[in-house]
Amino acid sequence: MESKLQELKDQGYNPLTNDQDLVLSVETLKLIGATQIWELGCGSGDWSICVDKMYQPGFAEYHLIDNFQFTNIHPDIINKLGYYWPKDEKDIKKHLSEAELDYVFYNIDIANLPEPDDLIDCVRIDTAHETAKTIQWCVDNLSENGIIQCADIRLNKSFQKVMLMTEQVLLGVIEPVWLGEGEGVWCRKGKGKYLRDKLYNDPDLQDYFGELRYNDFTLMGQHYDYVRARLKQTRYAKVREELTQNS
């Protein structure tokens with residue numbers, strides 16, 4: 001799992017996510033057999049490229065959306081990032097085509113999401129301007145076994161995104177599947193147990209994460225389950241170990 005991701009990174013791809021979250025994303029996509037994957041706020045497109053190559057190349061069609069706001073606001077630092085970032089639509093299409101991704105690209109704002117031709121099996125949200133309308137679009141167009149994945153779900157980074165997803169949980173529309181280091185996945189209500197059980201009982205994932213366990217919480221009188229995934233040795237554990245060794 002991780003060796004393939006490292007191979008892709010060595011080739012210059014940078015999905016801008018935690019490795020373990022990407023590994024768990026791919027395994028989740030395998031379980032639902034996703035063929036229609038959308039990425040809202042795709043940036044370089046490297047998340048979709050890496051998912052495609054780790055999942056099953058050519059099996060799914062990818063729909064990528066970006067309006068190049070970052071490029072427009074910070075044109076002076078694009079070449080100083082240390083990794084690829086598209087300058088315009090022509091640039092990213094060239095990048096995606098060279099990676100042999102089966103894709104459709106939309107140069108639009110998140111507020112103007114199109115009507116998809118097919119139901120979506122996975123929609124990943126990685127924008128700074130999602131609203132309740134964005135989440136409703138995801139829910140309305142989600143396939144029966146589809147998932148919604150949110151990047152940057154830590155409260156100090158994307159408080160509004162977390163609250164928008166929690167609102168849908170409270171409304172009984174979706175339920176949490178797993179929470180990783182920086183991303184989380186939700187699915188339609190009633191579909192989560194199958195995914196949680198399959199991921200939790202995967203021996204390869206148990207060995208990889210070291211801490212793959214069931215968690216639960218109660219909110220507004222309702223009980224919810226989810227899988228918490230962490231690596232065997234977190235950054236904080238390493239710091240504690242170093243402090244102990246130096247004491």
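1. **Basis.** The model is predicted, so local features need pLDDT of at least 70, side-chain atom pairs count only at pLDDT 80 or more, and totals for chains, interfaces and linings use all residues. Residues are numbered from 1 along each chain as its sequence is written, and side-chain values use heavy atoms, leaving out hydrogens and water.

2. **The sheet.** An open sheet of 9 strands runs in the order E3-E2-E1-E4-E5-E7-E6-E9-E8, with mixed pairing. Strands (E, at least two residues) and helices (H or I, at least four) are DSSP runs, numbered from the N terminus. Two strands pair if DSSP finds at least two bridges between them. E3 (103–106) and E8 (211–219) stand at the edges with a single partner strand each, so one side of each has no neighbour in the sheet. From one strand to the next, the twist averages 20 degrees.

3. **E1 and E2.** Strand E1 (residues 36–40) is joined to E2 by 5 bridges, and the two run parallel. Isoleucine 37 has tyrosine 62 of E2 as its bridge partner. Tryptophan 38 has histidine 63 of E2. Strand E2 (residues 61–65) is mostly covered, with 4 of its 5 residues buried. Buried means under 20% relative accessible area, exposed over 50%, and partly exposed in between (1.4 Å probe, protein chains only).

4. **Helices on the sheet.** H2 lies across E1, E4, E5, E6, E7 and E9, and runs at about 175 degrees to E5. Helix H5 (residues 89–98) touches E2 and E3, and its direction makes about 165 degrees with that of E3. Angles run from 0 to 180 degrees between N-to-C directions, and axes are lines fitted to C-alpha atoms, for helices over the stretch in contact.

5. **H1 against H3.** H1 (residues 2–10) and H3 (residues 46–55) pack at about 135 degrees, with axes 10 Å apart. They are therefore oblique to each other. Under 35 degrees counts as roughly parallel, over 145 as roughly antiparallel, 65 to 115 as roughly perpendicular and the rest as oblique. Lys4, Leu5 and Leu8 of H1 make the contact with Cys50, Lys53 and Met54 of H3. Contact means heavy atoms within 4.5 Å.

6. **H1 against H2.** H1 and H2 (residues 19–32) pack at about 115 degrees, their axes 10 Å apart. Here Glu2, Leu5 and Lys9 of H1 meet Asp19, Leu22 and Val23 of H2.
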